[in-house]
Amino acid sequence: MVQQLGQLPMGWLLTALLVFVVTTGFSVGRIRAERYLVSGGHKFHSRGNYHGYYVAMWGLLPTLLIAAVYVLFSQTAVFGLLNSELPEGFHTLSKAELQSYLEAVAGAAKTGGYAGADRIFATVTSRFLELSGSLKAATLAAMILAAIGGISYARRKVAPDFRARLKVERGAEAFLFLCAAIAIATTVGIVASLLYESLRFFAQVPVTDFLFGTRWNAQTSAEFGALPLFFGTFMIALIAMFVAAPIGLFAAIYLSEYASVRTRRYMKPLLEMLAGIPTVVYGFFALLVIAPGVRAAALGINSLLINIGVTSEPFLAAQPTSALAAGLVMGVMVIPFVSSLSDDVINAVPQTLRDAAFAMGATKSETIKQIILPAALPGIVASMLLAVSRAIGETMIVVMAAGQRARISFDPSTDLTTITVQIVALLTGETQFDSPKTLSAFALGLVLFLVTLGFNLIALRVVQRYREKYE
Amino acid sequence: MDTTAQTDYNPALTGDGADKAQALVYPRIDCKDVSVFYSGKQAVFDVSLPVYDRSVTALIGPSGCGKSTFLRCLNRMNDTIDGAKVTGEIFMDGENINSPEVDPVLLRSRVGMVFQKPNPFPKSIYDNIAYGPRIHGLVEDRQELDAIVEKSLRRAGLWQEVKDRLAQPGTSLSGGQQQRLCIARAIAVRPEVILMDEPCSSLDPIATARIEELIDELRKRYCIVIVTHSMQQAARVSQRTAFFHLGHLVEMGDTDQIFTSPRERRTEDYITGRFG
């Protein structure tokens, strides 16, 4: 019996129960308010619906809390209980092994396909089902009790002079605040964990060694000088911006000033589609098409230089993966970031300014160069900075096409590695969470975060200064 | 007085003995059967209208009557609107400005324009005025440019107020000052004609009075066409008035005559406030 309860589909049940509580609460509150109206002809402060919402709110709040606690902690609780009952033999297992064993148990319990398994596994699984079954039953009971309690408490409050609307409005405001707070709390949480783990890393490796060291070899020997990674990141972002900044800006100028309404209507979404291509597709495009091209070109330059006698040995590295290949493709990827935002900004320059310039006898290009672009400059700069942030944080293209070797070289045909590539390399495969190797990924993540934050702050400052000047 | 004589008669030059000899002149701009279409929809219908030098011609009429659209034909500003088409002939110095050989950029340097809302460039006061002379290559050196800036600001009656703050942004001025800045900016290119599209509609009465005084002053040198919603303003500043209704030119003539004894019933109804 209890075991069968263990197979209850809690997701559906919880949702159904919550919906039921809300509708019941609403009807209870509303009917109560309307009965007052019919019997006494009272003048109500709030309309019937608000009393309904109020009661529903009181029914929902405690039930939702219980449901949330269940969703968050039920697995841990059941595993904990089960763990304490497991026979001696299990205590020799490592933490990770135990966890995966328990997860296998939970999976088998869900499908019910454990009949043929060995005796210990079957026993553990049926005990798991018993435990989770009683937990589920208890949770549902608690929710129903809480709903009844909340609804009856709120129902008693329904009265002609009860200001239900104000309460409901306050409740709605609190809900909206909660949504905003969740987003912020997530960011704060991520930053806090980055900081915490980074501090653990810096306890083992000095900050200066990390920031200014030129030797990065985290995988094999413990060398954590991240300067080559920073260099690679900025080199590739720079190449990307050499592509994206002019093309994006000129595309934006064409779209906003020259293209007819019709052309613009088709071209802008098409351009924005570039941003919708999965980065892994860009990645293999870079690896399979661009990188061989870059290599061939570099080899050509090498043999040319040798032939005309400028050098005696190859001048360019001409590697199969290269900074140039990754940078070029990344540049194409961030074009829409520049063009779309710049186009919006240029369009936002008031038509009256264009009229003014045209009426002075300015040509179209004079108007664009001398009036529109200066007025739109802060927004354009902001769009560039956004694109840089995007390029620095981009991972897939560089993982596939930039290479793994950490070094400082200005030769664009050589392979470089970036912060993001190394984070991926550090955290894939067998990892232990307290080795400096893994922790260094958090330090790299922190640097990445700070740099992006810096770019965003600069963009904000630029826009603000412009506002002070012209508005 | 027959109609032909009236067309060729420039009232701005009457009343002053010395100018009597010039009383009969040819129009500075002569429009013949001008029609304007926006995306195929006709907004102005066969308007023929002469505009005289050294006088103010007011275009009045209810909202949407096509007066601003017509005004924008005179410096081909309608070219900048997608789907706008202008037919008919507009002669300036004997040349049809609607013909394809005429470069609108050069035309606009001869026909300046002031807009409804003051629209100074987001540049300094000085650079706002200097913009036109610079792009048209009117000056050789900085002294010459300084002189043009000062002269234009003086003519626009703004010099005393801004001479110590030329480096400040034009947008830091008050609305009325901004509009005078825009007038100064238009003057700086040495135009022959100045078009004004409801130049006072966003200004308070005091600023409006200053602009009206300025228009009266500018009339001595330029040919001015002004679109206005205010009949009092038309009566105060213009010598000739044209009344537009639903895209048609209903009546034109001396301002005094239009306001005291209009020939058309619709004109009378409009100026006495019965519609519009």
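pLDDT is the predictor's confidence in each residue, from 0 to 100.

Figure 1. The mean pLDDT of chain A is 88, and 96% of its residues score at least 70. Among the elements of chain A, the highest mean pLDDT, 94, belongs to helix H8 (residues 227-258) of chain A, and the lowest, 74, to helix H1 (residues 2-5) of chain A. Where pLDDT is low, the predicted coordinates should not be read in detail.

**Figure 2. Domains of chain A.** Chain A is assigned domain 1 (2-162), domain 2 (164-204) and domain 3 (208-470). Between the C-alpha centres of domain 1 of chain A and domain 3 of chain A there are 49 Å.

**Figure 3. Crossing of helix H3 (residues 48-85) and helix H6 (residues 164-204) of chain A.** The two axes come within 8 Å and cross at roughly 50°; H3(A) and H6(A) are therefore oblique to each other. The crossing of H3(A) past H6(A) is left-handed. H3(A) contributes Tyr50(A), His51(A), Tyr53(A), Tyr54(A) and Met57(A) to the contact, and H6(A) contributes Ala164(A), Arg165(A), Lys167(A), Val168(A) and Gly171(A). Six residues in this contact of H3(A) with H6(A) are nonpolar, two are polar and two are charged.

**Figure 4. Contact between chain B and chain A.** Chain B supplies 23 residues and chain A supplies 18 residues. On the side of chain B that touches chain A, two or more residues each come from helix H3 (104-110), strand S6 (111-114) and helix H4 (125-135) of chain B. H3(B) gives the largest share of that side, four residues. By class, the side of chain B that touches chain A has 11 nonpolar, eight polar and four charged residues.

Note on methods: Residues numbered from 1 in each chain as written. Chains lettered and ligands numbered in written order. Predicted model: local features only at pLDDT ≥ 70, side-chain atom pairs only at ≥ 80, totals over all residues. Domains from an automatic or database assignment. Axes fitted to C-alpha atoms, helices over the stretch in contact; angles between N-to-C directions. Parallel < 35°, antiparallel > 145°, perpendicular 65-115°, else oblique. Left-handed = near helix turned anticlockwise from the far one by under 90°. Contact = placed C-beta atoms within 7 Å. Nonpolar A, V, L, I, M, F, W, Y, C, P; charged D, E, K, R; others polar.
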